[in-house]
Amino acid sequence: MLNVRKVATQLKSAVLADPERFYTKQTGAWVAGMPSPQDIRVTTGREPYWINLGYWRDVERVDDTNVERVGELFREAQAQMAHLLAKTARLGPGDSVLDCGFGYADQDLLWAETYKPARIVGVNITPNQVRVGRERVRLTGLEGVVRLEQGSATALPCSDGEFDVVFALESAMHFRTRRDFLREAFRVLKPGGRLVMADMCQKTDRESGAGLRDRLRYRYWRGMIAFPEVNVWTTGRYLSELREAGFQNARLESIAEDVYPAVNTALVALRGMTALEKEPGSTSLHQVRADVHRAMRMRVDQTQWHSLFNCDEYAVVSAEKR
Ligand SMILES: C[S@@+](CC[C@H](N)C(=O)[O-])C[C@H]1O[C@@H](n2cnc3c(N)ncnc32)[C@H](O)[C@@H]1O
């Protein structure tokens, strides 16, 4: 009976592909080792709760010799992703920033303190994340700079031409639709404003060549992480959508090599170390190291983002409103 209910819930999640549902009920459970929404505790406001895959180019990769430090290394790579977007946007003092899909607001605290923009407005569809984010902004004394709103990136509660920079850090694949967001981002940017995103897509069309069984499998797993089918784009489609929305200087810079293999290994380590901590006896450090060793040797097409979601590209997307 329980299993029937579990399967029904999973199918419902896959069909709905609803990010609010995913981030309210499922994130932690889905990626073992990540804190689930109920486990989020805010004391100082500086506890890190990043949700992105991490930019691992300059971060020590997780391997079978350092599994004990997976949490620390993962968080460092996740913060590096936020720095990469800030640098791409040439974020600096005086900038008025809109951040769409801010998670628990880690990136807003980091951008506010490191790059000193005049203000950051965050928009997020998940109420619990907005609540936690606001609490962190209050505790870190950033209320004068960061304002967090509940809402959708596809219907922004903002005026035309309000911002110098619009960010979407690993969130646009969820937006229903990403295309609507691009139009909204263009509307709220000032002339000369920059759109910068970290996002996943396909280098070339990987769907039409796949068999029916594979296509259904990808569809199921993408639904499970609230990635609607309408957002499954190739790089070429992405660039043409940016241009159609009015943007110029559109670019997709691949960082897939510095994201997917490393995060695949890190998640195996995180899962193992979490099991070791929460259910001692269910595994051993030796076993976790062996699993990580195997993950390190996976071919890229065996890694999670390829095999479940059929995504082989992870890019820094940037464009300008002239
Ligand atoms: C993968 S998480 C990334 C969070 C954060 N950028 C980080 O790096 O920790 C995706 C985020 O997008 C948000 N999101 C999904 N759909 C949204 C929408 N339509 N409008 C605004 N935020 C949305 C989710 O609530 C979640 O916070």
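## Close-ups of a predicted model

The side chain of asparagine 231 gets to within 2.8 Å of the backbone oxygen of methionine 173. Keep in mind that this, like everything below, comes from a predicted model.

**View 1. Asparagine 231 sits in a loop between two helices.** The helices on either side of this loop are helix 7 (212-224) and helix 8 (235-244). Is asparagine 231 buried or exposed? Its relative accessible area is 0%, so asparagine 231 is buried. Skip the neighbours within four places in sequence, and asparagine 231 is still in contact with Ala172, Met173, His174, Phe175, Thr177 and Arg178. One of these, Met173, is the residue whose backbone oxygen the asparagine 231 side chain reaches.

**View 2. Asparagine 66 is another loop residue, this time between helix 2 (19-30) and helix 3.** Asparagine 66 has a relative accessibility of 4%, and because the cut-off for buried is under 20%, asparagine 66 counts as buried. What does its side chain reach at 2.9 Å on a backbone? That would be the backbone oxygen of arginine 61. The side chain of asparagine 66 also makes a polar contact with the side chain of glutamate 60, again listed at 2.9 Å. Leave out the neighbours within four places in sequence, and the contacts of asparagine 66 are Glu60, Arg61 and Leu73.

View 3

**View 4. Strand 4 pairs with strand 1 and with strand 5.** Strand 1 and strand 4 run parallel and are joined by three bridges. Look for valine 97, which stands opposite valine 165 in strand 4. How many bridges link strand 4 and strand 5? There are six, and the pairing is in the parallel sense. Here leucine 169 has alanine 198 in strand 5 as its bridge partner. Strand 5 is mostly covered, with ten of its 13 residues buried.

**View 5. Helix 4 (residues 106-115) is mostly covered.** Eight of its ten residues are buried: Asp106, Gln107, Asp108, Leu109, Leu110, Trp111, Ala112 and Tyr115. What do these buried residues pack against? The helices among their partners are helix 3 (70-88) and helix 5 (127-139). The strands among them are strand 1 (96-100), strand 2 (119-124), strand 3 (146-150) and strand 4 (163-169). After helix 4 comes lysine 116, which has a positive phi, near 50 degrees.

**View 6. Glycine 101 is in the loop between strand 1 and helix 4.** With a relative accessible area of 18%, glycine 101 is buried, because the limit is under 20%. Apart from neighbours within four places in sequence, glycine 101 is in contact with Gln107, Val123, Leu169 and Ser171.

**View 7. Zoom out, and the chain shows eleven helices and seven strands.** Its radius of gyration is 19 Å, close to the 20 Å that the globule rule gives for 322 residues, so the chain is as compact as a globular protein of that length. Along its principal axes, the C-alpha trace spans about 55 × 50 × 40 Å. Buried residues make up 54% of the 322 residues. Take the contacts between residues at least 6 apart in sequence: 78% of them join residues at least 24 apart. The chain exposes about 14,500 Å², and carbon and sulfur atoms supply 51% of that.

Terms used. Residues are numbered from 1 along each chain as its sequence is written. This is a predicted model: local features need pLDDT of at least 70, side-chain atom pairs count only at pLDDT 80 or more; totals for chains, interfaces and linings use all residues. Side-chain values use heavy atoms; hydrogens and water are left out. Buried means under 20% relative accessible area, exposed over 50%, partly exposed in between (1.4 Å probe, protein chains only). Helices (H or I, at least four residues) and strands (E, at least two) are DSSP runs, numbered from the N terminus. Contact means heavy atoms within 4.5 Å. A polar contact is a pair of N or O atoms within 3.5 Å; within protein, one must be able to donate a hydrogen and the other to accept it, and residues adjacent in sequence count only if both atoms are side-chain atoms. Two strands pair if DSSP finds at least two bridges between them. The radius of gyration is taken over C-alpha atoms; the globule rule is 2.2 Å times the number of residues to the power 0.38. Accessible areas come from the Shrake-Rupley method with a 1.4 Å probe; for residues, only the protein chains shown count as cover.
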